[in-house]
Amino acid sequence: MKSTLLLSTTVLIFLLAIQSCQLSESDEKQNRFEKKAAIDPPVTYEGEYLTGLDFPVGALGGSVIRMNGKAERTWWQIFNNFEERAGSGIVPNSFFALRTRTDEGTVVKALQTSAVGSFPAMSSLSFQGEYPFGCFQFEDEKLPVDVSLEAYNPLIPMDLKNSAIPCGIFRIKVSNTGAEEVEVNLLASQQNAVGFTGYDTISGPLMRSAKGYGQNQNTVVSSNGMTSLEMTGTNGSMQLSAYASEVSATASWEDYPSLLEDFAQDGELSGENAASSPQPGSTVDGALATGFKLEPGEERTVTFVLSWYFPGGTFGRSDIPEWYFVEAGSQYENWWTNAADVDKYVAENFDYLDASTRLYHQTMYSSNIPRYVLDRITSNICVLKSPTTFWTKEGYFGIWESTSYKEEWFGNVKHVIHYAQGHARLYPELGRILREIDLNTQMEDGLLPARQGQPINAFDGHFGSILGVYREHLLSEDNEFLRAAWPRTKKAMDFAISTYDDNHDGMLSGSYHNTLDCNVSGTSPWIGSLYMAALKACEKMAAIMDEEENAATYKQIWNVGIQNQNEQLWSDSLGYYIEKTENLPNTLIMADAVSLDMFLGQWWANQLNLGQIYPVDRTLAGLGEIYTTNRYTDTGEGYFPMFRDFLGTGDTGWQMFMHTGEVPENSIFYYSEVMSGFEYAAAGTMLQNGMLEEGLGMVKAISERYDGRFRSEGEVHMHNNSCVFGTGSPFGEDECGDFYVRPLSSWSVLLALQGFIYDGPKQTIGFKPVWQPEDHASFFSASEGWGLFTQNRDNSAQTSAIEMKYGRLNLKQMILSVEEGFIAGGISVELDGVNLAIDSSKQDGNSLGIQLKSACTLTDGSTLRISVAMDR
């Protein structure tokens, strides 16, 4: 018999309201967002540009489903399975389908471009993705409607819990573009995969047999106004819900032909409301269906939510006791008890979850920064929602280097993760969690080892972790985090000084490891500048902690160090900085190569407002040399990088080191490789220094490499790629595998373009945009909230505005830049139309500081407007 469940009128009104993607934004904001889409439209991927697509949908902390360019959910990593193994991790019989009926007949199609059993495929599709949203637009001449599938998981900056919900949200939108009424029905089928390990293969004639199956139970339930397929079994649960007024369901369908016949007949499903595994080692597949009629010009969106819950997961590396978490469980176990509980939470909070995620997306894409830049900034955030990460029940946030080769790339590796910036800017709490993990690995002598469980002295990671402590302090509301972190941070800094700079001359001496998996000796501009930046950060932290003597020591070494490094590392004949090696045994050299990371310390320093390390003119010269010398385009002939190839034919990138002459036999590793995580740091430094053409050119080239086309060994002349499934996906960039963590450095590009300055404890925020300062708009985030910064200039005035979209922002001081050659005259500051009293203002060159008499607080919807009259 037909099983049809009706929702209450109240719930129906609520669900219809939340199905609208429109947010209660001001007309000005909406116009800005729409204007952006009109003049700089979203990228549309189609044809061969879909072949490499790998789009993750799921929870922060690594519990995800990955979708490909056919709209298939091909890779299920929700079972605490993190390692990629070819041929495993696929859950069959789980798909969406569409039925239409008009006077001309009935059409049924799977919502993907591959057939599912008896369900025929869509003819074609295109994809648009602005993370966390991915939208598949289907095309089929047999259909009398337009149909699209949007997939996402809530991503709300500053809200870790609600960004870590183990669920996927799938919204199917159907539009009647014809001249007659259309009857529409939607189907969601799901295999009960509870008990599946994710590492095995599901097999059998009906694809329902697997190790761990046998105690699976499906139940169609109506609870709290929801129509759901509840799936239970051994150690876990899943739940599929349909947000619609009328839903038919079956707890178990027999085979594809019978399911197709049942659905095609009238768009409803026949079947029982409960079913269980018919035999040991097997499971059941259930389905939900809903329908409606569309008049010409009408459209309807139906939301399906898939939730999951698999407790007691084991994470890490079994042969590294310090980084092996046996049956540790996932963080989400602290918040929910099973998938039904997750599903209930999502339904009750859907309005907030959906609206806040869309608000983040809309605010980000209201920036007038080029869309390809925004795409690279936002897309790399998906690393946090990929199997690269795991978040245990006790709160340990684990990070592999990537989703691939996990037996090697373990341990929250500091010399990689310190490049990452996006996670800390969107989730300052997560930044503090990771710094605490870093500091907890500290060895007795003060070393912050390269990896947890591997006491290697990688000093780029050591200094990067120290700089991370200062960043996390700036992204706090008070000094409490720093107060707890400072003793260990100071110990780390003092260890570096006493071990590698015992004469306090600012020049490193001795052998030490680094992110290029080898040891070097002496001082390079790369790690030398990181040392200088870490010293300056420690000087500031010591001063905050009222340790004047320590602050003075760090300052003295800094003063001597920047002078010595500038004198001893600069080459007049070459026009850039080179290393001063000691050629110690078992070390490799950079020699006179142009290093992509030449100014990595300056990149960090500019993000933290620490000041200039090397002279500006030499910095600009060195950056120019990097841009021209290290640039390489793969023509398909003669490019064989040292180990791994991330360029397809026609791709352009910037190599790690370019030697001016013959490559030394003991050259540093990876010198000829191209890796985007490093490139973003170089591009960010160029942008920080006003080199817009060069910095944006680098980001554009990266964007063109991650254009959706599949690249792998043997294809597009790619050699020895280290990614299990090739490369080219716009989501999750590669290095030692897919979804590599280093490209989270792309967030620094946003900070550079807007000239962002922030100090939460001092209630200070600043913007000195290098991108269109006369007409600028960009997303920003602080310690407890985020919003949009805008700035407009004309010949006589400058108006800057901070529009708070989410959370709050406590402010007492603002720092802005004014046009070169102008003097700030009258200054006014208004909060939501109310004038605020100014205590003082000071202009230094083109930098303008404004101090309020009393601190103010911006909350959701608040706008702080600063007007400055300009005179020559």
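Student: Two strands pair if DSSP finds at least two bridges between them. With that in mind, which residue of β33 stands opposite F756?

Tutor: The residue opposite F756 is F767 in β33. Strands are DSSP runs of E with at least two residues, helices are runs of H or I with at least four, and both are numbered from the N terminus. Please keep in mind that this is a predicted model, in which local features need pLDDT of at least 70, side-chain atom pairs count only at pLDDT 80 or more, and totals for chains, interfaces and linings use all residues. Residues are numbered from 1 along each chain as its sequence is written, and side-chain values use heavy atoms, with hydrogens and water left out.

Student: How many bridges join β32 to β33?

Tutor: Four bridges join strand β32 (residues 756-759) to strand β33 (residues 764-767), and the two run antiparallel. They form a hairpin with four residues between them. In its turn, Q763 has a positive phi of about 55°.

Student: Are the residues of β32 buried or exposed?

Tutor: Both faces of β32 are covered. F756 and Y758 on one side are buried, and so are I757 and D759 on the other. Buried means under 20% relative accessible area, exposed means over 50%, and partly exposed lies in between, using a 1.4 Å probe and protein chains only.

Student: Back to Q763. What is the C-alpha separation of Q763 and Q813?

Tutor: Their C-alpha atoms are separated by 6.4 Å, although the two residues are 50 residues apart along the chain. Q813 lies in strand β36 (residues 797-817). With a relative accessible area of 25%, Q813 is partly exposed.

Student: New topic: what is the strand order in the open sheet that contains β4?

Tutor: Three strands form that open sheet in the order β3-β4-β5, with antiparallel pairing. β3 (55-59) and β5 are the edge strands, each pairing on one side only. From one strand to the next, the twist averages 20°. Here axes are lines fitted to C-alpha atoms, for helices over the stretch in contact, and angles run from 0 to 180 degrees between N-to-C directions.

Student: Why is β3 described as largely enclosed?

Tutor: Five of the five residues of β3 are buried, so β3 is largely enclosed by the rest of the structure.

Student: What about aromatic rings? How many pairs are there?

Tutor: The structure holds 55 aromatic pairs. Rings of Phe, Tyr and Trp (its six-membered ring) pair if their centres lie within 6.5 Å; planes under 30 degrees apart count as stacked, over 60 as edge-to-face and the rest as tilted. One of the pairs is F82 with F390, which is edge-to-face at 6.3 Å centre to centre and 70° between the planes. F82 lies in the loop between β5 (73-77) and β6 (95-102) and F390 in strand β22 (residues 389-391), so this pair ties together parts that are 308 residues apart in sequence. Both F82 and F390 are buried.

Student: Why is the pair of F127 and F731 edge-to-face?

Tutor: The ring centres of F127 and F731 are 6.1 Å apart and the planes stand at 90°, so the pair is edge-to-face. F127 lies in strand β8 (residues 124-130) and F731 in the loop between α17 (692-705) and α18 (747-754), so parts that are 604 residues apart in sequence are tied together. F127 is buried at 0% relative accessible area, and F731 is buried at 1%.

Student: Which residues share an aromatic cluster with F82?

Tutor: F82, F315, W323, F325, F390, Y396, W400 and F410 form one aromatic cluster.

Student: Which charge sits over the ring of W253?

Tutor: The charged end of R208 does, 4.8 Å from the ring centre. R73 likewise lies over the face of F170, at 5.2 Å. The criterion is NZ of Lys or CZ of Arg within 6 Å of the ring centre and within 35 degrees of the ring normal.

Student: Last one: how many disulfides are there?

Tutor: There are zero disulfides, a disulfide being a pair of cysteine sulfur atoms within 2.5 Å. Among the cysteines, C538 is buried at 0% relative accessibility, and C856 is buried at 7%.
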